[in-house]
Amino acid sequence: MIRAENIVKSFGTQEVLKDISFTFEKSKTNLIIGKSGAGKTVLLKILVGLLQPTKGSVWFDDINLNKIDKNQLRELRMKIGMLFQGNALFDSMTVEENIRFPMDMFTTKTAKEKQQQVDYCLERVSLQGSNKKYPSEISGGMQKRVGIARAIVLNPKYLFCDEPNSGLDPKTAITIDELISTITKDNEMTTIINTHDMNSVMEIGEKICLLHQGKLAWEGTKDEVLESEDELLLDFIFASPFLQRLRSKALSQ
Amino acid sequence: MRLISDFGKFVGWLPEIFSRPENLTMYYKETIRQMYDIGIGSLSIVMIISGFIGAVTAIQFSYQLEGTMIPPYYIGYIVRDMMIIEMAVTLTSIVLAGKIGSTMAAEIGGMRQKEHIDAMEIMGVNTSAYLVMPKLIASVVIIPVLVTIACIVGIGGGYLAAVTIAGFTSSEFTRGLRSFFIPYNVVIMYVKAVTFAFIITSVACFQGYFVTGGSVELGQASTRAVVFGSILILIADLIIALILMS
């Protein structure tokens with residue numbers, strides 16, 4: 001479980017996040033949605049401890065992220081996996097070396113055990129046989145999957161995904177969403193996804209938080225999205241003219 | 001003002017760099033890789049520059065010797081001490097500030113911009129230590145070796161120029177080479193080499209690690225690594241000379 005309590009973040013005089021509180025449950029895919037500039041990335045960076053909140057606190061189960069020292073933070077981070085928007089794969093390493101890196105750094109596993117874990121992770125993301133390829137030799141979708149494989153290699157308790165579908169075609173995006181959702185259930189992780197992809201919201205959003213101008217504007221499940229009358233939520237979901245026309249047509253009938 | 005604030009930031013950063021490694025094997029492998037990159041990667045340029053500097057020193061001294069009462073064998077003595085005390089270490093270090101300083105700043109800065117550093121931090125890696133400590137150790141070990149090679153090649157260059165161009169005999173040069181040798185000068189050379197190695201690497205890593213913005217800022221950080229590194233080398237050169245030679 002991850003809990004944010006009264007998070008405020010300011011850069012100079014500009015308040016980017018305004019008193020945000022929520023709880024994200026274990027084994028669920030939790031989504032943070034909102035327009036560009038709403039504060040999603042800043043919030044995600046605060047949740048993983050890359051940024052300090054101006055006020056408020058973040059709890060990982062019973063650990064207060066903002067009250068622990070650097071060594072405790074590093075220990076906690078070993079339980080965190082993260083998929084970056086740009087994948088953040090190390091260019092000079094092969095797919096296998098990228099996935100193995102956290103194990104090399106933090107475990108005393110034998111070479112054989114590491115190889116088995118790498119192969120298992122690659123199988124989970126359907127990338128068997130890509131071990132020796134470099135990130136530049138595989139597609140964007142495959143890079144995302146390698147990013148997921150690296151994020152789950154140490155069996156984390158918490159998974160963070162920043163815009164996992166950005167730059168992907170709709171079909172590949174759905175595959176990535178399903179993969180994250182399945183892994184979340186299988187590994188009993190608390191997963192937080194930062195996205196503005198409406199397909200993700202409607203397919204895998206078990207809990208959804210809408211950020212608007214730095215405030216938590218709405219929260220609920222994907223089923224509640226369909227029934228909601230919240231103006232900000234509807235404005236975000238039916239942002240495209242095509243969807244607006246569809247909605248008008250549906251309402252008129 | 002920014003210089004003072006950067007210096008404070010750097011001093012505050014040092015304990016992070018020298019904190020306990022998460023995994024000694026990984027740090028060892030990275031240190032060896034850096035040693036190879038710095039050492040083998042810079043060997044040819046260091047040898048070319050030091051060879052020519054030794055030759056130029058010999059030619060210029062022979063020009064100044066003309067019409068004086070100074071014995072000709074002094075050529076070997078002057079070339080040797082010029083190389084040991086100043087030329088080999090300072091010029092090699094300034095060249096390395098350009099070559100490896102810019103590379104390190106660009107490498108670490110690129111990792112910052114591509115979120116590689118954030119990715120490592122979230123894995124639990126102490127990125128200040130993992131990215132900087134191996135480079136510092138590699139530099140402090142390998143740059144004195146490069147300086148030693150520069151010194152030998154420089155004296156060789158001086159010998160060739162003195163004998164083939166400036167008209168000195170081989171015995172004159174070697175006699176000078178063996179005269180008035182002060183071993184303490186070699187100690188000074190290594191003190192300078194280790195100090196300059198620390199300056200080159202720490203300045204470059206600092207510029208790269210804390211880079212913000214895009215490719216323009218990365219280019220500026222890389223340039224600052226070279227410029228600040230070179231200036232600090234010259235300042236340190238003066239301070240070491242004042243302390244160790246006065």
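This is a predicted model: local features need pLDDT of at least 70, side-chain atom pairs count only at pLDDT 80 or more; totals for chains, interfaces and linings use all residues.
Visitor: At what angle do helix α2 and helix α3 of chain B pack?
Guide: Two packed helices are described by the angle between their axes and the distance between the axes. Helix α2 of chain B covers residues 24-65 and helix α3 of chain B covers residues 74-113, and their axes are 8 Å apart. The crossing of α2(B) past α3(B) is right-handed, and the residues of this contact divide into 19 nonpolar, 8 polar and 3 charged. The angle at which the two helices pack is about 145 degrees.

Visitor: How large is the area buried between chain A and chain B?
Guide: The contact takes 23 residues from chain A and 18 residues from chain B. On the chain A side, Arg74(A), Arg77(A) and Met105(A) supply 31% of the area that chain A buries against chain B, more than any other three residues. Carbon and sulfur atoms give 64% of the area buried between the two chains, which is about 1900 Å².

Visitor: Which residue of chain B meets Arg74(A) in a salt bridge?
Guide: Side chains of opposite charge can pair when their charged atoms come close. The count between chain A and chain B is 4 salt bridges, and in one of the salt bridges the N to O distance from Arg74(A) is 3.6 Å, within the 4 Å cut-off. The partner of Arg74(A) in chain B is Glu16(B).

Visitor: Which element gives the largest share of the side of chain A that touches chain B?
Guide: Between chain A and chain B there are 6 residue pairs in polar contact, both residues being at pLDDT 80 or more. The elements of chain A that give two or more residues to this side are α2 (70-77), β6 (80-83) and α3 (95-106), and the residues of the side divide into 13 nonpolar, 3 polar and 7 charged. The largest share, 5 residues, comes from α3(A).

Visitor: How many residues apart in sequence are the parts that Arg124(A) and Asp186(A) tie together?
Guide: The structure holds 23 salt bridges over all chains, among them the one between Arg124(A) and Asp186(A), whose closest N and O atoms are 2.8 Å apart. Arg124(A) lies in helix α4 (residues 111-124) of chain A and Asp186(A) in helix α6 (residues 170-187) of chain A, so the parts that this pair ties together are apart in sequence by 62 residues.

Conventions: Residues are numbered from 1 along each chain as its sequence is written. Chains are lettered from A and ligands numbered from 1 in the order in which they are written. Side-chain values use heavy atoms; hydrogens and water are left out. Contact means heavy atoms within 4.5 Å. Buried area is the accessible area (1.4 Å probe) that two parts lose on being put together, summed over both. A salt bridge is a side-chain nitrogen of Lys or Arg within 4 Å of a carboxyl oxygen of Asp or Glu. A polar contact is a pair of N or O atoms within 3.5 Å; within protein, one must be able to donate a hydrogen and the other to accept it, and residues adjacent in sequence count only if both atoms are side-chain atoms. Helices (H or I, at least four residues) and strands (E, at least two) are DSSP runs, numbered from the N terminus. Ala, Val, Leu, Ile, Met, Phe, Trp, Tyr, Cys and Pro count as nonpolar, Asp, Glu, Lys and Arg as charged, and the others, Gly among them, as polar. Axes are lines fitted to C-alpha atoms, for helices over the stretch in contact, and angles run from 0 to 180 degrees between N-to-C directions. A crossing is left-handed if the near helix is turned anticlockwise from the far one by less than a right angle, and right-handed if clockwise.
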